[in-house]
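Keep the viewer open and follow along.

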Amino acid sequence: MTARSSSSRWARLCTAGLALLLTTTTLTQAFYLPGVAPTEYKDMDAVPLMVNALTPGSDSELKSVIPYDYYDPMFNFCQPEGGPQAQAESLGSILFGDRIWDSPFKIYMRGPEKCKILCQRDVTAVQAQFINARIKENYVINWLIDGLPVGHLRGARSKDQEKQLYSIGFPLGVDAGREEPWFNNHYDIEIDYHHNLQKDTLRVVGITVDPISVQRVVEKAESCGIKAGEMPPMILSEKATTMVTYSYSVKWNEVPTAWATRWDKYLLVGEPRIHWFSLVNSIIIVLFLTGMVAMVLLRALHKDISRYNQQEAQEDFQEDFGWKLVHGDVFRTPAYPMLLSIIVGTGSQMFLMASVTILFAALGFLSPSNRGSLATVMIVFYMFFGVVAGFISARLYKMFGGEAWKTNVIGTAFLFPSVIFGSFVALNFFLIGANSSGAVPFGTMVGLVALWFLVSTPLSVLGSYLGFQRPKIENPVRANQIPRQIPDQVFYLRPIPSMLIGGILPFGAIFIELYFILNSIWFHKIYYVFGFLFLVFGILIMTCAEVTILMCYFHLCAEDYHWWWRAFFTSGASAVYIFLYSVVYYFTTLQIKSFTSVVLYFGWTAIMSIMFFVLSGAIGFFSTFAFVRKIYGSIKID
């Protein structure tokens with residue numbers, strides 16, 4: 001087979017795979033396999049409105065990352081009779097800062113309201129200072145109706161419902177550079193519903209709120225006189241108590257939007273052409289580079305193996321050269337074998353967790369209607385894949401000749417989780433100090449510890465037991481008793497430069513999608529293009545494997561046989577670029593200034609980078625391990 005025909009077939013396969021995955025991406029935006037069943041309403045049925053935590057949100061800039069409970073005393077919002085009742089939430093929803101309560105709003109299906117008074121509140125000067133500061137930080141109010149987040153329109157209202165896009169939440173107030181911002185205390189609620197003719201029922205398919213700042217409201221008056229500009233805006237005095245009257249209006253619109261596609265208005269990303277062309281361009285470049293790397297590497301290796309094996313048939317002795325020179329040292333036990341086996345096992349656990357979660361999401365199993373489902377599934381899979389971490393860690397440690405098996409078992413079960421959980425608890429104290437609703441409750445912390453000790457740890461111990469019971473992995477070449485001296489290396493093959501060079505290509509495969517993921521996390525947008533993410537994750541695996549193998553080949557040819565740790569760090573070095581990219585993202589996109597927000601941003605970024613480090617490092621390690629065993633098992637050694 002010629003190189004041209006091989007490249008042509010490779011291009012056709014890549015094109016077909018790309019078309020299939022992108023088609024899956026399009027379908028999953030409009031169809032969710034499992035999820036929340038539609039709620040059927042009749043005329044004048046009660047439609048509950050739930051309230052969630054206030055979050056910093058803006059389509060242009062972000063000034064804080066601290067969420068606040070809706071019923072925080074500093075906001076002094078209206079409360080239902082008998083006090084607010086908390087709603088059931090998933091583990092992932094709680095960890096992501098959701099705090100959902102019922103509300104005093106009375107909304108009835110197709111029952112319009114005009115200027116209905118909700119309550120009156122006295123806002124003290126201290127509360128006014130707090131609220132005004134949150135308005136200047138672009139905080140938004142988050143409500144839920146029938147599981148849908150209440151949003152505000154991006155741009156003007158369009159007659160074409162399919163092209164209308166929503167942003168989650170609506171502004172707490174208006175800050176147009178004034179010394180005293182306007183506080184929104186009147187809410188024009190507009191609810192879209194779909195008439196199900198088969199069952200003769202009504203379904204909620206869209207909710208928007210147009211918040212308005214007005215000093216006082218005339219009950220039952222037409223538009224409250226707001227649209228006519230009859231009322232001055234509500235300004236909270238920071239020197240005296242201010243009486244605030246809360247009110248709302250409700251309008252119902254019948255639309256053709258089906259219930260199954262009601263999330264499309266939230267899921268569609270802005271400027272999709274840029275997203276598409278940038279992603280496709282990145283994928284094509286990465287596929288081309290990795291394809292070329294694989295072809296060059298395979299061709300060079302084929303010649304090397306053929307030449308080495310031909311030498312054995314020759315009567316004249318010829319000295320070994322190239323990577324065959326280090327055959328007696330290439331499988332020598334690395335430094336710190338215990339630590340290496342533990343982090344490789346943990347990386348395998350992270351890799352399987354990420355792979356299965358992304359696959360489930362790409363197939364549409366994680367509907368955005370199930371709040372926090374993505375985080376919940378990730379935690380569950382991480383716990384259950386603890387058995388894989390224990391098994392791989394034990395197998396590697398036994399191969400390295402380690403004897404402290406108890407330390408290996410304990411280290412695999414506790415080392416990495418302790419680092420992540422300890423960092424998580426430390427950051428949680430900053431949220432507690434800021435009186436944020438994002439602080440994880442004590443009961444949830446106890447639940448996480450229980451999952452760790454009662455599920456993940458026993459499974460990890462079981463995996464370690466199974467791993468140590470298996471026979472030792474035998475290497476194709478024995479290690480010499482005396483280590484071979486490593487010659488001086490050129491600059492780009494020295495440890496740190498070679499690792500940094502190797503981490504560039506995997507980062508290049510994901511940095512565009514990383515931008516959208518960061519926007520989703522920090523700007524509280526819904527990320528649901530998991531078809532793209534699945535494709536990018538596959539490219540990441542391929543680039544991590546091929547780049548690490550290529551760098552290992554160069555090192556072996558330069559008679560440097562210290563490949564164990566370097567294989568892990570070469571692909572893992574892409575996490576360094578992810579952290580640096582997050583730093584650039586902070587200075588170019590965010591406007592965060594408070595100390596707590598800065599600590600939270602860089603703290604969570606560091607945690608995500610560490611998790612990505614062990615994940616990508618495990619990919620590089622196993623691919624290089626298989627490569628080295630393959631090439632040294634293919635040559636004849638005396």
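Cys552 counts as buried, because its relative accessibility is 4% and the cut-off for buried is under 20%. Cys552 takes part in no disulfide; the nearest cysteine sulfur belongs to Cys557 and is 9.4 Å away. Please keep in mind that this is a predicted model.

Another cysteine to find in your viewer is Cys544. Cys544 is buried too, with a relative accessible area of 0%.

Which element gives the largest share of the lining of the second largest cavity? That is H13, with four residues. Sorted by class, the lining of this cavity has four nonpolar, three polar and one charged residues.

## The disulfide

How many disulfides does a search of the whole structure find? The search finds one, and this disulfide joins Cys78 to Cys119, with an S to S distance of 1.7 Å. The link of Cys78 and Cys119 is left-handed, with -75° about the S-S bond. Cys78 sits in the loop between strand S1 (49-56) and helix H2 (91-95), while Cys119 belongs to strand S2 (residues 113-123), so the pair ties together parts that are 41 residues apart in sequence. As a reminder, a disulfide is a covalent bond between the sulfur atoms of two cysteines.

Are these two cysteines buried or exposed? Cys78 is buried, with a relative accessible area of 4%. Cys119 counts as buried as well, at 17% relative accessibility.

Our last stop is Phe612, which you will find in helix H16 (residues 595-632). Phe612 is buried, because its relative accessible area is 15% and buried means under 20%.

What is Phe612 in contact with, leaving aside its neighbours within four places in sequence? The contacts are Ile510, Leu540, Ser574, Ala575 and Ile578.

Note on methods
Residues are numbered from 1 along each chain as its sequence is written. This is a predicted model: local features need pLDDT of at least 70, side-chain atom pairs count only at pLDDT 80 or more; totals for chains, interfaces and linings use all residues. Side-chain values use heavy atoms; hydrogens and water are left out. Helices (H or I, at least four residues) and strands (E, at least two) are DSSP runs, numbered from the N terminus. Buried means under 20% relative accessible area, exposed over 50%, partly exposed in between (1.4 Å probe, protein chains only). Contact means heavy atoms within 4.5 Å. A disulfide is a pair of cysteine sulfur atoms within 2.5 Å. Ala, Val, Leu, Ile, Met, Phe, Trp, Tyr, Cys and Pro count as nonpolar, Asp, Glu, Lys and Arg as charged, and the others, Gly among them, as polar.
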